Amino acid sequence: PQLRVEWDDKTPSTTILDIAASCHAIDCLRLLIGDDLVALTEEEMRRSIKSSFEGVNEDGVLLSLQILLGMEEQVANQVDNNDEICNKRQRVLDRLLMESCTRASWAQKAPHSTSILLRFGADPNIKSIASEVQNSLSPLHLVAGNYRGSSGVEKVDALFLLGKRLGEKYISVALTDSILQQQPANIFVKTAIEKELPLHIALKKKNFSVAERLWNATMKNIQSKKFLTLQQEKWDIGMSTLLAEAAIECTSVGLFQTAVNFMVSNYYSSNEDGSINNTTKSLERALGKLLLWAVDERSSFGCIRSSSKGKYCDNNDMISNDNDSKEEKLLSIVNIIAKVQNEQRNLNISYWARDEISGHTPLHLLLRNDRGLKLRTLLLTSLCKMMSSRGDIDSNPAPSTTDMSSSTLTSSSNKLLSLASSDKFGSYTALHFACALGCEESVGTLLEFGANSTLLCGESKRPHELIPNGVRFSEDIEQRLN
């Protein structure tokens, strides 16, 4: 009866057991529970364990759990041989594991609760309560929907039994053997209604760091037949685009290539169904926006800046080694998209790579700020090749933009790489930006691919009029600009 003595009139009320657990009053817990866990109901055990997690002392948490779960040396053998107690303990641990993967207040106070519960015997696949869980959700589904960044990755690793093993000295020998035989969380488990994998949920929530971790685990199972079914399910243009966004966020070229493969595969299957026109536009739009975001300096791929202190970069501009791999990766992303456009002659991906508000193209994003000569040298030629290969902008309906009427192009300059930004953003072409940077190499590349040097920006200036004072280009470039 002392287990159920209530401290107050709240519902649910606080019991002496809850208080002892939250304070990690070890001797008090031993006195209250004794050596008979049968008297403790599942709800009481679950509540007291949650209370213990609210304490700040990790050793106190582990000692309290040892008592509350009947794992102390003097009672461990008796408890481990009692099926009723073992089953009750397993159900409690599995329920708490599910809660630890939600945004429950006690779970947020105890960031390592998932790892600790798994170490004490919680099942990553919650088999003891699986039939009772709504929509067949698993702990992985809950983490994918609730935890971002390093905390989400840590919980995913714990469920894959890859994380830090907490509390080993508090586990009985018999239980340790059983825990070592645990199976990692099943990455292919689906919800009952939407038939979604944890990866799908992470992508829909734009929880990209967790999505990347889930994808890496999937690739480790590539030899499994289940991977073949994964390729066929729920990888429409929309979901594939989210996978590609995750690749950009995590700077993973391999993941981006896989996402594009899914998109192209979906394009071919739609072609067979006779819906080629709509699918073509969807694929063009999706890849165009991905190209735009990858080059944008705000993206993980695009956050490459010049290390030079001055405003203008010369041929001696050096960029930190940390950026080197990102630059090469970004070039690979551009080439992957360009290859799709080259292989699918009816696609005009580069035309859709234009911001709907500013009117900026990838060329604008590359040149509007000084991000270093090395990056410009690597990307500019590839981007110009891609955009000039689909230079006729009348071949597609124009994407929705805001006020772009000021950039009137003559028929001789009807090229994507001569498009100007919207009026509100100055009506600048990429050539205006290159001249303003004072970068002769970039100016020469744009002119070589046919950029129009006669267009006026919102200030009624031609590109050459924006060249900074003191900067001189070669005579050939000057003549072509003028």
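Q: Which residues does D18 touch, not counting residues up to four places away in sequence?
A: In this predicted model, local features need pLDDT of at least 70 and side-chain atom pairs count only at pLDDT 80 or more, while totals for chains, interfaces and linings use all residues. Residues are numbered from 1 along each chain as its sequence is written, and side-chain values use heavy atoms, with hydrogens and water left out. D18 has its place in helix α1 (residues 16–22), helices being DSSP runs of H or I with at least four residues, numbered from the N terminus. With contact meaning heavy atoms within 4.5 Å, the residues touched by D18 are S13, R47, S48 and S51.

Q: Is D18 buried or exposed?
A: Buried means under 20% relative accessible area, exposed over 50%, and partly exposed in between (1.4 Å probe, protein chains only). The relative accessibility of D18 is 7%, so this residue counts as buried.

Q: How are α3 and α4 oriented to each other, roughly parallel or roughly antiparallel?
A: Helix α3 (residues 42–53) packs with helix α4 (residues 58–68) at an angle of about 170 degrees, and their axes are 9 Å apart. Axes are lines fitted to C-alpha atoms, for helices over the stretch in contact, and angles run from 0 to 180 degrees between N-to-C directions. Angles under 35 degrees count as roughly parallel, over 145 as roughly antiparallel, 65 to 115 as roughly perpendicular and the rest as oblique. The two helices, α3 and α4, are therefore roughly antiparallel.

Q: Which residues of α3 and α4 make the contact?
A: On the α3 side, the contact is made by M45, S48, I49, S52 and F53. The α4 side contributes V61, S64, L65 and L68.

Q: Which residues of helix α10 are buried?
A: Helix α10 spans residues 149–159. What covers its buried residues includes α6 (83–100), α8 (113–119), α9 (139–146) and α13 (208–220). The buried residues of α10 are G152, V153, K155, V156, D157, A158 and L159.

Q: Leaving aside neighbours within four places in sequence, with which residues is L214 in contact?
A: L214 is among the residues with the most contacts inside the largest nonpolar core, together with L203, F256 and L446. The contacts of L214 are L140, A144, V156, F160, I187, P198, L199 and A202.

Q: How many disulfides does the structure hold?
A: A disulfide is a pair of cysteine sulfur atoms within 2.5 Å. The sulfur of C435 is too far for a bond, because the closest cysteine sulfur, in C439, is 9.9 Å away. The number of disulfides in the structure is 0.

Definitions and conventions. Core = buried A, V, L, I, M, F, W, Y, C linked by side-chain atoms within 4.5 Å.
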